[in-house]
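Student: I've got a model open and would like to talk it through. Can we start?

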Amino acid sequence: MTKSFFTFLTAIFSIGLLAQNKTDYWQQHVDYTMAVDMDVETFQYTGTQTLVYTNNSPDELKRVYFHLYFNAFQPGSEMDIRLQTIADPDDRMTTTDKKSRIASLTDSEIGYLHATSLTQDGNKVTFSEEGTVLVVDLAKPIAAGAKSTFNMEFKGQVPLQIRRSGRNSEEGVALSMSQWYPKLAEYDFEGWHADPYIAREFQGVWGDFDVKLTIDKEYTVGGTGYLQNPNEIGHGYETPGTKIKKQKGKTLTWHFKAPMVHDFMWAADPEYIHDIQQVPDGPVLHFLYKDDAKILENWKKLQPKTMEAMQFFSKNIGKYPYDQYSVIQGGDGGMEYAMSTLITGNRKFGSLVGVMAHEMAHSWFQHILATNEAKHEWMDEGFTSFISKLCMTEIMDYEKENPFEGTYKGYRNLALSGKEQPQGTYADRYALNFAYGISAYSKGSIFLSQLGYVIGQDKLIETIRKYYDEFKFKHPVPNDFKRVAEKVSGFELDWYLTDWTQTTNTIDYGIKEVTASENNTKVTLERIGLMPMPLDILVVYNDGSKETFYAPLRMMRGEKENAYAGIERTVIEDWPWAYPTYDFEINKPMTSIQAIVIDPSQLMADVNLENNVWQAE
Ligand SMILES: [Zn+2]
């Protein structure tokens, strides 16, 4: 992709669209009120949770499920066994000799989360743990449209940092508290999603959180939610100029509220530096990072880049809807959370900006457009990779001809390896982490960049913005995105969604033959791969002039606009996909032609580029 194409992309990103209302859609709602006490000596905590659950479904519910994610960090857990049995385990979770780090955790190092009591509307319920899932048989069914209140007491222990959450990370962050509370599983039109915690990907119920956290007063805390008592807490949250009254006792109680989120993360460390930046016409940004000479300069330079990224995504996808976003050092790489991210801090500058941009883009693709990541991992990782790459190209002034070159290379590598599984594979059920990674991130990103080739770049941008408008604060599924693209473009795109995401069919078109026919030139194209595509064909003449031909795919029932402004285009006959070959004529002698190229943009993920070019001898 050329720089001018990119400028074009951003120019049309600003088109606004009216939202349409869906009438048959419903989603569950939660209101959490939690109070948690953290002991920073033992890393054990206790808590109470009042959960008001609104059953907006048309179904009566007799059971509910909670996630108890910390139970994954125990020897013998499903996460541990999967780590020991997958051929290419995540090296963050294994020792240098490829042994599971979970397997060797001692009793004081493991993670756990247990409900110690639970009532429903004041009545005792039966509950049992199945690994990382709490199964609750209700005292009384929850009728369609009714509310029910659960009161739970729970206790937990923060595991040593293994994956995403934990204590005492390699970089010395005390507490990375993600997936830390009993979290109600989501129930939607597909039923329950009480997925065990094995490797990755989450899904949560939309709702409002009110969290009180009591912790050693030396610790600075950040995460999801607006602090309600900043002038009591201080730690950089106070109104500038406020004098903070010295608190008696060893602890402080931090009170956070987060409206309309589906997760709640926090992190704490006694050595955090806390910087604040206001994005013009945007949220307040909080930066929390260790007072460590190695990283200070990069974390200062990161702040204006974070502001630019926030503006880029708000402009190109839709306005960031919260008043706060926090970039926090913690975790074991980078992971997105509601209104915040945890990223490791000791990185080269480009990598630090890159991980920030990726995780921030997830604020849209997962935390606002809350797809079920376990089932449709490409819709959050892929879409995030696509938009964050465009963001990095702009804010870091990368001079790449085609920012997606590596993405396509990675995909081809997988597609030709024989190890590819359909993108619709459940995130934990890939045979290899390698196949999951390329499928979710690279092939998912290409879903969008290639869709721009299929329907036109302006229509792609319109589709993304309209998708945001229609599905923010909901749980969109693949067909929702496809329908938006169809309505925006006027094309039928079922074939695109099914072939790309539900099969491992590949795209391979080639120029089979070029022959002279009197004063004209006959070009024979062939379809070798099973996945069909419309074709842009560029012809370059000896005098340097160019023209393009466009062979629409018949089953799209339409033609995109000329993708190459300034080059004359001829729309040739539709190519019905079942025909393996296709002929067209160029009204110029063969001797005048220098080269013929299928898809010069290379946005079509053809797995064999060699047969896409014909050159005169
Ligand atoms: Zn991601």
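**Chat about the model**

Student: What should I keep in mind about how this was made and numbered?
Tutor: This is a predicted model, where local features need pLDDT of at least 70, side-chain atom pairs count only at pLDDT 80 or more, and totals for chains, interfaces and linings use all residues. Residues are numbered from 1 along each chain as its sequence is written, and side-chain values use heavy atoms, with hydrogens and water left out.

Student: What does the protein average in pLDDT?
Tutor: The average is 95, and 96% of the residues score at least 70; pLDDT is the predictor's confidence in each residue, from 0 to 100.

Student: And which pLDDT do residues 1-22 have?
Tutor: Residues 1-22 are below 50, though in the model this stretch has 44 contacts beyond near neighbours in sequence (contact means heavy atoms within 4.5 Å).

Student: OK, the metal. What coordinates the zinc ion?
Tutor: His358 (NE2), His362 (NE2) and Glu381 (OE) do, at 1.9 to 2.0 Å. Donors here are N, O and S atoms within 2.8 Å of the metal (3.2 Å for Na, K and Ca), and water is not among the atoms, so sites may look incomplete.

Student: What spacing do the donors follow along the chain?
Tutor: The spacing is H-x3-H-x18-E. Helices are DSSP runs (H or I, at least four residues), numbered from the N terminus.

Student: Is His362 buried or exposed?
Tutor: His362 is buried, at a relative accessible area of 0%, and Glu381 counts as buried at 4%. Buried means under 20% relative accessible area, exposed over 50%, partly exposed in between (1.4 Å probe, protein chains only).

Student: Switching topic: how many aromatic pairs are there?
Tutor: There are 47, counting rings of Phe, Tyr and Trp (its six-membered ring) with centres within 6.5 Å; planes under 30 degrees apart are stacked, over 60 edge-to-face and the rest tilted. Among them, Trp378 and Phe383 have centres 5.9 Å apart and planes at 75°, so that pair is edge-to-face.

Student: What about Tyr467 and Phe471?
Tutor: That pair is tilted, 5.9 Å centre to centre with 45° between the planes. Tyr467 and Phe471 are about one helical turn apart because they sit four residues apart in helix 9 (residues 457-471). Both Tyr467 and Phe471 are buried.

Notes: Helix = DSSP H or I, 4+ residues; strand = E, 2+ residues; numbered from the N terminus.
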